[in-house]
Amino acid sequence: MTDIARLSRLHAALMTPYDADGEISEPCLRNLIAHVRRQGIDGFYVGGSTGEALLQTTEERLRVLSIVAENAGDAARIGQVGAISTREAVRLAKGCAELGYDAVSAIPPIYFPHGKDAIIGYYSDILEAAGGLPLIIYNIPAMSGVTFTPDDLRRLLDMPNVIGIKQTSIDMYQMEQLRRAFPDALLLNGYDEMLLAGTVAGANGGVGSTYNVIGSNYVEMIAALRRGEIEAAQMLQAKSNALIDVLVEVGVFPGLKYLLYRLGVIQTPVCRKPLATLSSSTSERLNAAVAGLTAWA
Ligand code: MN9
């Protein structure tokens, strides 16, 4: 199977559970991996925004990558290695190669307003360190502050081993334009609330934070779409979005952690500061959602 065929699926943007002291909890991470797989999700996107990777040290990020490598069975694994410094991104890319990841992915270098040539240089250093693994560009202008023009994306996709883009934007015109410009590329839809629209516009897979909790809903939705049952697919998207509306209100990552905690998958709802940690007193609407979720399962 080509890399693109293997990676054209739904990948959970895996969360990182912590213990009460705020250290990475390996037992909870293993539980979460099993929970995600039980829902029919067979791909993991490790160390992204949802994994709180940018709030972790490089050693911690390598540890999470390695726990997933050991516990994900035959699921696909993509390691997000982007960092503010090329040096750290390169260490992480080497780690993914050693751990047998299927691919690496990377946000552009953040904070400093680098020119496009410096950004291309950063990606080529990552490619070199990744020892032949394919690379998926992580396009998330709203959070990275870097906007790639169509020409920038073409330059990136022309680099050997750059196989696609994780496209985190609600602009569906752009998704369609990408598909038209790069008919053979891997295009992973990045906003769960738009997975149905993104797939129709040309994405051949998705990466999502809410797949950690309601993954089976998206599996069913894509299956309905493939069968041509558009109304059923729309209803499933609407069901997800009713929960996402609440999550956006309380904070997506703290909200998802809280749900996993209430479902008994992880031991604490702790997120790393400055992210908030939710408790039952801070989230009445989420408590109502928990009851609904147990009914979904
Ligand atoms: O990786 C996630 N992206 C971000 C995917 O959080 C930036 C999404 O799954 C969102 O969390 C989700 C809610 O907006 O679509």
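How far is an oxygen atom of the ligand from an N or O atom in the side chain of Asp192? In this predicted model, where local features need pLDDT of at least 70, side-chain atom pairs count only at pLDDT 80 or more, and totals for chains, interfaces and linings use all residues, the distance is 2.7 Å. Residues are numbered from 1 along each chain as its sequence is written, and side-chain values use heavy atoms, with hydrogens and water left out.

The side chain of Glu193 places an N or O atom 2.5 Å from a ligand oxygen, and a polar side-chain atom of Lys166 lies 3.1 Å from an oxygen atom of the ligand. On its own the ligand has 380 Å² of accessible area (Shrake-Rupley method, 1.4 Å probe), and the protein covers 94% of those 380 Å².

Let us now look at the shell around the ligand. Its residues, each with a heavy atom within 4 Å of the ligand, include Ile140, Met143, Tyr191, Ser209 and Phe253. By class, the shell divides into six nonpolar, three polar and three charged residues; here Ala, Val, Leu, Ile, Met, Phe, Trp, Tyr, Cys and Pro count as nonpolar, Asp, Glu, Lys and Arg as charged, and the others, Gly among them, as polar.

A further feature concerns Phe112. Phe112 counts as partly exposed because its relative accessibility is 48%, and partly exposed lies between buried (under 20%) and exposed (over 50%), with a 1.4 Å probe and protein chains only.

Technical notes
Polar contact = N/O pair within 3.5 Å; in protein donor to acceptor, adjacent residues only side chain to side chain.
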